[in-house]
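Open the model in your viewer and keep the selection panel at hand. Each stop below says what to select and what is there.

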Amino acid sequence: LNHACALPALSADFLARVEGRTACCPANPSHPEKYGGFEENCPFNEVLQSSSITQCSSFSSSLCLIEEPIMELQLHLLLNRRNAVDAFRVNVIHARQQVRSPVTNIARTSFFHVKRSNIWLAAVTKQNVNAAMVFEFLYKMCDVMSAYFGKISEENIKNNFVLIYELLDDFNTKEEQSQITSQVTGQIGWRREGIKYRRNELFLDVLESVNLLMSPQGQVLSAHVSGRVVMKSYLSGMPECKFGMNDKIVIDKQGKGGTTDDPGKSGKQSIAIDDCTFHQCVRLSKFDSERSISFIPPDGEYELMRYRTTKDIILPFRVIPLVREVGRTKLEVKVVIKSNFKPSLLAQKIEVRIPTPLNTSGVQVICMKGKAKYKASENAIVWKIKRMAGMKESQISAEIELLPTNDKKKWARPPISMNFEVPFAPSGLKVRYLKVFESKLNYSDHDVIKWVRYIGRSGIYETRC
């Protein structure tokens, strides 16, 4: 939100008409209408609908500081902003009936408002925006103003009006400001000129976190992958880079969609990306039109993009639990883990946490691979395996002794959780190409040394028992 607007003083004639519960169009005072709405042929309606309100992030908006009685702040206001303020005053502040909803729609324009004592703050938009984001901004603005000059009142706003403008300007992050500067001037703020390296190198890491909740019978209740593409660029000059992945939309356009027939392989020919965000260096227009990621990279390490997938996820491990109660003082637990990826790959840093009841008095553990230990402070058996190849399985058995208790409530059986790291992307994402173009210096794409690495880690990876 880059600008604030305050209500201009209204004529006594207009206020008299408001008190008489009849509103007049500000564009044509001789045109009366019923209070609480605008007629289709009203000239003000046309002005309001054609108004262009300052763009910020994903919604167009302006901030209105409106008071009862209205402040006489001598500001030169654009006609569209004045009419937006007038519309809000007539239909919300001086409404015939109390407006309970914080969102009001007038002539296909939405007004989001909050009130602090007798001060109104409103954000205006003609788009279908995220309402929670708008209210988050308004409440944050209230908090910031209170922190700077105390109570939000007429006197404080008059005395600190310049400060309010500066605060609104500061709400833009440095990244947004650099994006705006880049779009207007063509300047590349994230990379300086004159960079030179003896050897041109690119390092690309695909880092994914796979999240799973599975039933005891092996049914997937929920699963998604959150991923990041992190790059390290050591390139001379001002190179142009192009990055391509096996995005389903692109692959389907080329007529190569589908998945591999070999279930032992961890890769897929295409993946469906649900949502993604990019570093400011990426040209979004090209991605929207061509689905190609084109950019001039910053020097050093940076996060190129984030993404999320929910379909056809490769689950690196399957956990099969078996819990049997032997009377009221004993539990028998058996857990089998199976790796579900190519045998040539190795998973590392494997840890399985098996919860135990609060009244556990002792645990005897037998595991075929790795080390297992009962941790009383965490009420869990922790089983650790350094490495495990694909298409293998391992198991652990435990006898849990329980203390007698008067609590008739059954043990809730918390889920078994698992941590691991695998050398592939569980989403199936693959880097199809990574090209570098530098026209001014004497090196080509073939002269650049490129390194690509895939790392999949567990997020919240749980199986109910």
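Rings of Phe, Tyr and Trp (its six-membered ring) pair if their centres lie within 6.5 Å; planes under 30 degrees apart count as stacked, over 60 as edge-to-face and the rest as tilted. By that rule the structure holds eleven aromatic pairs.

Before selecting anything, note that this is a predicted model, in which local features need pLDDT of at least 70 and side-chain atom pairs count only at pLDDT 80 or more, while totals for chains, interfaces and linings use all residues. Residues are numbered from 1 along each chain as its sequence is written, and side-chain values use heavy atoms, with hydrogens and water left out.

**Stop 1: aromatic pairs**

Select F203 and Y234, an edge-to-face pair with 6.1 Å centre to centre and 80 degrees between the planes. The pair links distant parts of the chain: F203 belongs to strand β10 (residues 201-214) and Y234 to strand β11 (residues 220-234), 31 residues apart. Strands (E, at least two residues) and helices (H or I, at least four) are DSSP runs, numbered from the N terminus.

Next select F420 and Y461, which form an edge-to-face pair with 4.9 Å centre to centre and 90 degrees between the planes. This pair too links distant parts of the chain, with F420 in strand β23 (residues 416-422) and Y461 in strand β25 (residues 449-463), 41 residues apart. F420 is buried at a relative accessible area of 4%, and Y461 is buried at 1%.

**Stop 2**

Select residues 109-116, strand β8; six of its eight residues are buried, so β8 is largely enclosed by the rest of the structure. Two strands pair if DSSP finds at least two bridges between them. Strand β7 (residues 103-106) pairs with β8 in the antiparallel sense over four bridges, and N105 stands opposite S110 in β8. β7 and β8 form a hairpin with two residues between them, and A107 in the turn has a positive phi of about 50 degrees.

The hairpin of β8 and β9 has two residues between the strands, and S117 takes a positive phi near 50 degrees.

**Stop 3: a four-stranded open sheet**

Four strands form an open sheet in the order β16-β17-β22-β19, with antiparallel pairing. Select 317-325 and 360-367 to see the edge strands, β16 and β19, each of which pairs on one side only. Then select residues 393-402, strand β22, which pairs with β19 in the antiparallel sense over seven bridges. The bridge partner of V363 in β22 is I400.

**Stop 4: the largest pocket**

A pocket is an open set of points on a 1 Å grid over the protein atoms alone, where a 1.4 Å probe fits, with protein on both sides within 12 Å along at least five of seven lines; lining residues have an atom within 4 Å of a point. Select N359, T405, K409, K410 and W411, which lie nearest the centre of the largest pocket among its 19 lining residues.

Key:
Buried < 20%, exposed > 50% of the residue type's maximum accessible area, 1.4 Å probe, protein only.
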